[in-house]
Amino acid sequence: MKETEELQAQVAQWRAAFDRAFAEPPPEAGPPPLDFLGLGLGAQPHALRLAELSALQALAGVTPYPGAPPELLGLVSHRGVVLPLYDLRALLGLGAAERPAWLVVLKQAPLALAFERFDGHWRLPGEACVPAGEAARDPLRGQVLRCPGEGTEQLRSVIDLGAVAALLRPPNPS
């Protein structure tokens, strides 16, 4: 009999908590959190906005493209579509990647970018992404992300994939 009374008391507590959740005003909604992928270009940590990507995958099966500029590594297939694969490190002016192991596919343009190291995924509040200082401003890396690191906060340059895609578009003949 005691177990039945305890169970009824627990059910009454749950019912009261459920009813309170609808009676109280909703918590103030702040800006939604932002999702970032961490990556390494050589020894430098960087980040990409997850919302600008349609895929992340291990790099395999690159077909060389004859006469291509050095930053174009070749062609890759993604979901039945052939995409140009560019060396992200070279596009940012950091030299050629030694051994790219990963690629991301952009949502906004039919292209893929290769990089050396995938460091992880972070969901962070919007205020974790701040403008880079004037001395460090770069049209491709205009923001800095404060993200968790091993024991301390780590700063990562956020790569503007729209600016990267614009670099690779042919000029508009007008």
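Glutamate 116 and arginine 89 form a salt bridge, with the closest N and O atoms 2.6 Å apart; the term covers a side-chain nitrogen of Lys or Arg within 4 Å of a carboxyl oxygen of Asp or Glu. The pair links distant parts of the chain, glutamate 116 sitting in the loop between β7 and β8 and arginine 89 in helix α2, 27 residues apart. Both glutamate 116 and arginine 89 are buried, where buried means under 20% relative accessible area, exposed means over 50%, and partly exposed is in between (1.4 Å probe, protein chains only).

A word on the model itself. It is a predicted one, in which local features need pLDDT of at least 70 and side-chain atom pairs count only at pLDDT 80 or more, while totals for chains, interfaces and linings use all residues. Residues are numbered from 1 along each chain as its sequence is written, and side-chain values use heavy atoms, with hydrogens and water left out.

As for the overall layout, the protein has 3 helices and 11 strands; these are DSSP runs numbered from the N terminus (H or I and at least four residues for helices, E and at least two for strands). Along the sequence they come in the order α-β-β-β-β-β-α-β-β-β-β-β-β-α. Of the 174 residues, 33% are buried. Taking contacts (heavy atoms within 4.5 Å) between residues at least 6 apart in sequence, 53% join residues at least 24 apart. The protein exposes about 11000 Å², and carbon and sulfur atoms supply 57% of that, going by the Shrake-Rupley method with a 1.4 Å probe, where for residues only the protein chains shown count as cover.

Back to the charged pairs: the whole structure holds 4 salt bridges. In one of them, arginine 123 meets aspartate 35, with the closest N and O atoms 2.9 Å apart. Here too distant parts of the chain are linked, since arginine 123 is in strand β8 (residues 117-124) and aspartate 35 in strand β1 (residues 34-41), 88 residues apart. Arginine 123 is exposed at 56% relative accessible area, whereas aspartate 35 is buried at 18%.

Arginine 156 and aspartate 119 also meet through their side chains in a salt bridge (3.0 Å, N to O). Arginine 156 belongs to strand β11 and aspartate 119 to strand β8, so this pair ties together parts 37 residues apart in sequence. Arginine 156 is buried, with a relative accessible area of 3%, and aspartate 119 is partly exposed at 28%. Arg117 joins these two in a network of salt bridges.

Strand β11 (residues 153-158) has pairing partners as well, with pairing taken as at least two DSSP bridges between two strands. It runs parallel to β2 (residues 44-49), with 2 bridges, and alanine 47 has valine 158 in β11 as its bridge partner. With β10 (residues 143-148) the arrangement is antiparallel, with 6 bridges; there, cysteine 147 is partnered by glutamine 154 of β11.

Helix α3 (residues 161-168) has Leu161, Ala163, Val164 and Ala165 as its buried residues. They pack against β2, β3 (53-58), α2 (88-91), β6 (102-106) and β7 (112-115).
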